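Thanks for passing this one along. Here is a short note to read with the model open beside you.

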Amino acid sequence: MYGKPWQAGFSLIEVLAFIIIVGIASSAMLSVMSSMSRNAATLLPEQQAQAIASALMQEILAQPFTFCDPDDPTAPTAANAAGCAVQETAMTPEAGEMRGGALPFDNTNDYHNYTANPVVLPDGTPVPGYRAAVRVAAAGALAGIPAADRLLVTVTVTPPAGRAIQLQGLRVRYAPNT
């Protein structure tokens with residue numbers, strides 16, 4: 001019965017050739033995957049810095065930017081600075097205000113010149129090795145928006161031994177009665 005033409009199978013040489021080809025392909029795939037995971041690990045600090053900068057920017061832009069200090073009872077109705085009992089003009093926090101403190105920042109202006117080394121998350125957790133700096137300044141020309149009613153917020157976060165990440169955002173004064 002041996003040697004009949006209708007029998008099928010693989011010879012030893014065919015099996016060995018298949019094993020060698022699969023081994024070479026697997027080795028190449030593992031090499032590529034190893035390189036990718038190594039590169040991903042080197043980018044991780046910059047990705048974390050980007051996430052921290054984005055979260056800080058969102059926190060700042062969510063703060064009020066009105067004519068009056070947000071603690072002023074006339075803040076929701078003031079149409080201009082003259083309608084305020086306490087105007088919000090300084091680019092510094094009011095006495096006792098600090099980010100994450102008992103009296104937290106309550107206005108976009110309060111974040112001007114804010115620095116953190118290390119960065120501290122809103123829940124109070126420090127992030128060692130990461131530094132943050134915030135600058136709030138008058139924004140460039142924008143059609144139809146007076147210069148006093150617009151701010152450019154710049155957040156810079158520097159990861160440990162990495163490239164600084166910088167984000168910029170625009171905050172426009174909200175005055176409900178204008």
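Predicted model: local features only at pLDDT ≥ 70, side-chain atom pairs only at ≥ 80, totals over all residues.

1. Residues are numbered from 1 along each chain as its sequence is written, and side-chain values use heavy atoms, with hydrogens and water left out.

2. Four strands form an open sheet in the order β1-β4-β5-β6, with antiparallel pairing (strands are DSSP runs of E, at least two residues, and helices are runs of H or I, at least four, numbered from the N terminus; two strands pair if DSSP finds at least two bridges between them). β1 and β6 (165–172) are at the edges with a single partner strand each, so one side of each has no neighbour in the sheet. Between β1 and β4 there are two bridges, and Thr115 stands opposite Ala133 in β4.

3. The whole structure holds three salt bridges (a side-chain nitrogen of Lys or Arg within 4 Å of a carboxyl oxygen of Asp or Glu). One of them joins Glu46 and Arg163 at 3.6 Å; Glu46 is in helix α1 and Arg163 in the loop between β5 and β6, so parts 117 residues apart in sequence are tied together.

4. Asp149 and Arg173 form a salt bridge at 2.7 Å. Asp149 is buried at 17% relative accessible area, and Arg173 is buried at 15% (buried means under 20%, exposed over 50%, partly exposed in between, with a 1.4 Å probe and protein chains only).

5. Do look at Asn109, in the loop between α1 and β1: it is buried at 2%. Beyond neighbours within four places in sequence, Asn109 has contacts (heavy atoms within 4.5 Å) that include Phe65, Glu88 and Leu151.
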